Amino acid sequence: MNQIINNAHKQNASINKPFNLRLSWNLIGLMPAYLVMFFLMIIPLGIIFYVSMMTSDPYGGYEAIFSLESYQQILFTYDWDDNLNLNFQYLIIIARTLLLASATAIICLLISFPVAYFISRQSNSTKALLLYLITLPFWVSMVIRVYAWVLILSNDGVLESSLTFLGLTSGMDSLLYNNNAMLVGMVYSYIPLMILPIYASIEKLDARLTEAASDLYSTRLSTLTKIILPLCKPGIVAGFILVFVPCLGTVLEPMLLGGGKTMMMGNLIQNQFSIARNWSFGASLAVVLLIIVMLFLMWNARKSSRPIVEGSAV
Amino acid sequence: MSIAIKINNISKSYGSYQALNNISLEIKDNEFFTLLGPSGCGKTTLLRMIAGFETPNAGVIQLHGDDIQSLAAHKRRVNTVFQNYALFPHMSLEQNIAFGLEMIGWGKDRIQARVDEMLNLVHMTQFAKRMPSALSGGQQQRIALARTLAPEPKVLLLDEPLSALDLKLRQAMRDELQQLQRNTGITFIFVTHDQEEALAMSDRICILANGDIQQLSTPAEIYENPANKFVADFIGETNFLNVDVINKGKDQPLKVKTPLGVDLELDPSTQAGFNALIENQSCHATLSLRPEKISINSDGLDINLEGRITQRTYMGGYTHYTVHTEQGQNLKVSKRNHISNNISYGINEMVKIGFLQSSVRVLTQ
């Protein structure tokens, strides 16, 4: 009996030792990934948190004095008598950012779905060509692509002069420097990020499922709403995130197409580090933006952690 | 008996490839009708045309006397069981079965009652709330059947529904399908490339090849009296011998000279596969003789030969032999392994083989 127990102990010991050894090897092996995460994510974010809680230096940079004043500044201003007054100025920018980002994502979705469906129904060579054309704008600098819209929308721009030439309008108001112009630019910039994941999910869809639906007396419309859309949901959600999240932090469209009159969070933050020289305030705005994105992603992750069934029948 | 589906001069081509070549056939009400053929013979194309997923280049398809050509798939009172079942993966089994009923606008209570009835019919009641991914192939198959039977279709189309199942399950599902067809009284049109499946289940079989109908008849008729060499070859095993037709004419026995060293005199009424139009000329033909029609070391047969066994394959219920005759022909012989008569022959053993003249079929080449 003792013999057996002894043997068991020995075995345990001999199992434990390589196990610990393996654990440390695993740690060493994964070290490059940890280091990348540490230096490229934890440290920069840490710096932003740190700066956001310091006092800003009017000559640029910050002073290492703890203060939450920059967070306070998002909601309140001091009046002449040093009383705190609620200030909607930045809240409006945050709301506009959320609104424009959602609108962009929704418009992109409405355009992308038919486009992706159309592409998925083409022959293989046409598919490859169309997908190539969709990714083609990525080869050109974002600045140039957004600036092209300035030329299209501006007074005497491509759009106005064409319409005037056709006699449809004479002397319309400027199409630039408002929310609509920014929306157009954002939809244009981010739509490929919506088309590609939706295309991938439609491609995975088994064509026999739509045949089965119409075989079971389903009209085209109910096949779309009851079969195709629910099965493409993973792609739609992925596309929505890929468009919505970068839209929250976008800088170019409000700068070029919003003309500085109408701001979004992206260029508001940028201004704090460049023109306004209020690093702490910029950092705290960045933290707020980060929290918004994280809340959105967490909400989405919770929603999609419920069982969803992917793709095709086996 | 009334006609469920009438197909009239249907043709279909894809580019230069002729999938169906002027096909006409009638499928009766309450019939278990099988479209059988090798892959690429056009059987699935024909089925998809009846379902409404393909349009013929020419011809008419009628369902109970009404032309259904102009109707979209979702307006035809026919339902399809797909090869891989095509169950909706995001819906529970209940929802899958209810889908068609919702689409034709049944009320909630009526749908629930019908869904329960269908689940009961395919013995799947306890799985109602499961998702299709949680089912085995055979279970998915049953749900696909229940889903298509629920809206009470006039005709049920089955596109190789058993091909994805393993052998045991396939055999069990054959019986179940046949039972289901008898109980519901719905016309089944069954597409398969598996001749065994077709013989086992069908009332009538239509053999398609190269876009043409080769033969349309009952299983026994097709096996016993094949219309041509293709059918004889495709259905079951057979021995083919090249023969010379010596004389022939109406109401005269058909005389053929075989490479077995014997001449045969055959009753022309048993030779449906031989084209009597080529009259009074000697010509070449193919003789078909099924392996189980040849017996080893038996008495009382018309034709008796001698040969040496060159190959032996034990199959359990049967043993297959290859016999090399004195005249240099190889004949496949199949022998049932009886309880009482468990004789087995070894390789190189000399045996007598024999068959009846009435077992021989002469086929136009």
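The model is predicted: local features need pLDDT of at least 70, side-chain atom pairs count only at pLDDT 80 or more, and totals for chains, interfaces and linings use all residues. Residues are numbered from 1 along each chain as its sequence is written, and side-chain values use heavy atoms, without hydrogens and water.

**Interface of chain B and chain A**

- Contact, meaning heavy atoms within 4.5 Å, links 28 residues of chain B with 21 residues of chain A.
- The two chains bury about 2200 Å² between them, 65% of it on carbon and sulfur atoms; buried area is the accessible area (1.4 Å probe) that two parts lose on being put together, summed over both.
- One salt bridge is found across the interface, by the criterion of a side-chain nitrogen of Lys or Arg within 4 Å of a carboxyl oxygen of Asp or Glu.
- The side chains of Glu211(A) and Arg48(B) form a salt bridge at 2.6 Å, N to O.
- On chain B, α1 (43-51), β6, α2 and α4 (137-149) each supply at least two residues of the side that touches chain A; helices (H or I, at least four residues) and strands (E, at least two) are DSSP runs, numbered from the N terminus.

**Ser92(B)**

- Ser92(B) lies in the loop between β6 (78-81) and α2 (93-103) of chain B.
- With a relative accessible area of 8%, Ser92(B) is buried, a class defined as under 20% relative accessible area (1.4 Å probe, protein chains only).
- Leaving aside residues up to four places away in sequence, Ser92(B) touches Ala128(B), Lys129(B), Arg130(B) and Met131(B).

How values were computed: Chains are lettered from A and ligands numbered from 1 in the order in which they are written. Buried means under 20% relative accessible area, exposed over 50%, partly exposed in between (1.4 Å probe, protein chains only).
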